[in-house]
Amino acid sequence: MATRLLFQEDSYLKEFDATVTRVDGNRVYLDATAFHPRPSGGLDADTGKLVLPDGTTLRVVDTLAEGDEVAHIVEEGAERLQPGMRVHGVIDWERRYRMMQLHTASHVLAAVLYERYGVRVTGGHIAPDMARDDFEIAVDDWKNAIMEAVEETNRILKRCIEVKIYWLPREEAMRIPGIVKLADKMPPDVEKLRIVEIPGIDIQADGGPHVRNTCEIPGIRVVKLQSRGRRRKRAYYTLAES
């Protein structure tokens with residue numbers, strides 16, 4: 001049974017109720033979830049807890065995307081669950097919110113580099129404390145190019161731009177210039193694509209959680225820059241307040 005992805009409908013949903021569909025070892029499957037799984041979207045998986053009808057709490061230590069299902073990995077106590085049982089899910093909000101801030105900031109940074117140099121993102125990862133992006137960039141002074149792009153990103157974030165999320169038919173979405181900024185990676189082959197738009201700055205097909213407004217992000221700062229090859233460069237960055 002496909003899991004309804006509540007975080008795609010409301011990134012700010014901290015708690016939810018759902019029904020257990022099956023249990024396999026320490027994997028718990030629900031009919032709906034607000035937990036964002038890995039490896040979807042390059043973000044770390046959400047953690048949190050599941051509260052049973054009798055008040056028992058099971059710690060969710062990992063969340064995995066398995067086809068169209070989401071597996072909630074519980075530390076212990078999965079044997080207490082059975083199909084049809086209602087549970088109350090609670091995500092670790094502070095952890096998730098930091099990833100949302102970094103995720104939206106990564107879209108702005110990628111858009112700035114794409115606009116200036118036609119740069120594509122070749123990979124990346126977002127954890128609560130730090131983000132990593134790999135860029136395919138053919139610029140001699142690539143370190144300065146990235147640092148200047150970060151400065152521009154921070155100026156854009158301060159403009160308090162509303163982040164819009166909506167769905168479009170795949171064919172219509174794929175006609176939008178720059179809708180895909182990940183090199184050699186196309187969106188899933190589905191009828192409709194979830195679109196994340198920062199008006200005037202960026203528009204991408206994206207299934208992950210984001211903040212509602214860019215001014216919720218205190219800016220980003222570069223932690224380290226690395227060369228991973230002639231054209232592949234890596235940037236590690238975190239929230240400016242970190």
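This is a predicted model: local features need pLDDT of at least 70, side-chain atom pairs count only at pLDDT 80 or more; totals for chains, interfaces and linings use all residues.
## A quick tour of the fold

**Overall build**

- Laid along its principal axes, the C-alpha trace of the protein spans about 60 × 40 × 35 Å.
- Of the 242 residues, 50% count as buried.
- Take the contacts between residues at least 6 apart in sequence: 65% of them join residues at least 24 apart.
- The protein exposes about 11600 Å², and 46% of that comes from carbon and sulfur atoms.
- On the charge side, there are 35 positive and 39 negative side chains. The centres of those two sets sit 4 Å apart.

**The nonpolar cores**

- The largest nonpolar core has 55 residues, and the members that touch the most others are Val28, Leu30, Leu50, Leu81, Leu109 and Phe135.
- Helix α2 (residues 93-117) gives this core its largest share, with 10 residues.
- Zoom in on leucine 81 and, skipping residues up to four places away in sequence, you find it touching Val20, Val23, Val28, Leu52, Leu58 and Val87. One of those partners, Val28, is also on the list of core members that touch the most others.
- There is a second, separate core of six residues, and among them are Leu168, Ala173, Ile179 and Ile203.

**Isoleucine 179, in the second core**

- Isoleucine 179 is a member of that six-residue core, and you'll find it in the loop between α4 (170-173) and β12 (192-198).
- Its relative accessible area is 4%, so isoleucine 179 is buried; the cut-off for buried is under 20%.
- Apart from residues up to four places away in sequence, isoleucine 179 touches Ala173, Met174, Ile195, Ile203, Gln204 and Ala205. Of these, Ala173 and Ile203 are named as members of the second core.

**Leucine 225, on a strand**

- Leucine 225 belongs to strand β14 (residues 220-227).
- With a relative accessible area of 18%, leucine 225 is buried, since the cut-off is under 20%.
- If you set aside neighbours within four places in sequence, leucine 225 is in contact with Trp142, Lys143, Ile146, Met147, Arg234 and Ala235.
- Leucine 225 and tyrosine 237 are 12 residues apart in sequence, and their C-alpha atoms are 8.8 Å apart in space.

**Two partly exposed spots**

- Leucine 13 is in the loop between α1 (6-9) and β2 (15-24). Its relative accessible area is 25%, so leucine 13 counts as partly exposed.
- Beyond neighbours within four places in sequence, leucine 13 is in contact with Leu6, Ala34 and Ile91.
- Leucine 13 and threonine 33 are 20 residues apart along the chain, and 9.8 Å separates their C-alpha atoms.
- Threonine 122 is on strand β9 (residues 120-126). At 36% relative accessibility, threonine 122 is partly exposed too.
- Aspartate 134 is 12 residues from threonine 122 along the chain, and the two C-alpha atoms are separated by 5.4 Å.

- As background, most residues other than glycine have a negative phi, and most peptide bonds are trans.
- Arginine 38 and proline 39 are joined by a cis peptide bond, with omega at about 5°. Proline 39 is in the loop between β4 (32-33) and β5 (48-51).
- Cysteine 160 has a positive phi, about 55°, although it is not a glycine. Cysteine 160 is in the loop between α3 (142-157) and β11 (164-169).
- At 38% relative accessibility, cysteine 160 counts as partly exposed.

Terms used
Residues are numbered from 1 along each chain as its sequence is written. Side-chain values use heavy atoms; hydrogens and water are left out. Buried means under 20% relative accessible area, exposed over 50%, partly exposed in between (1.4 Å probe, protein chains only). Contact means heavy atoms within 4.5 Å. Accessible areas come from the Shrake-Rupley method with a 1.4 Å probe; for residues, only the protein chains shown count as cover. Lys and Arg count as positive and Asp and Glu as negative; His and the chain ends are not counted. The place of a charge is taken as NZ of Lys, CZ of Arg, CG of Asp or CD of Glu. A nonpolar core is a set of buried Ala, Val, Leu, Ile, Met, Phe, Trp, Tyr and Cys residues joined through side-chain atoms within 4.5 Å. Helices (H or I, at least four residues) and strands (E, at least two) are DSSP runs, numbered from the N terminus.
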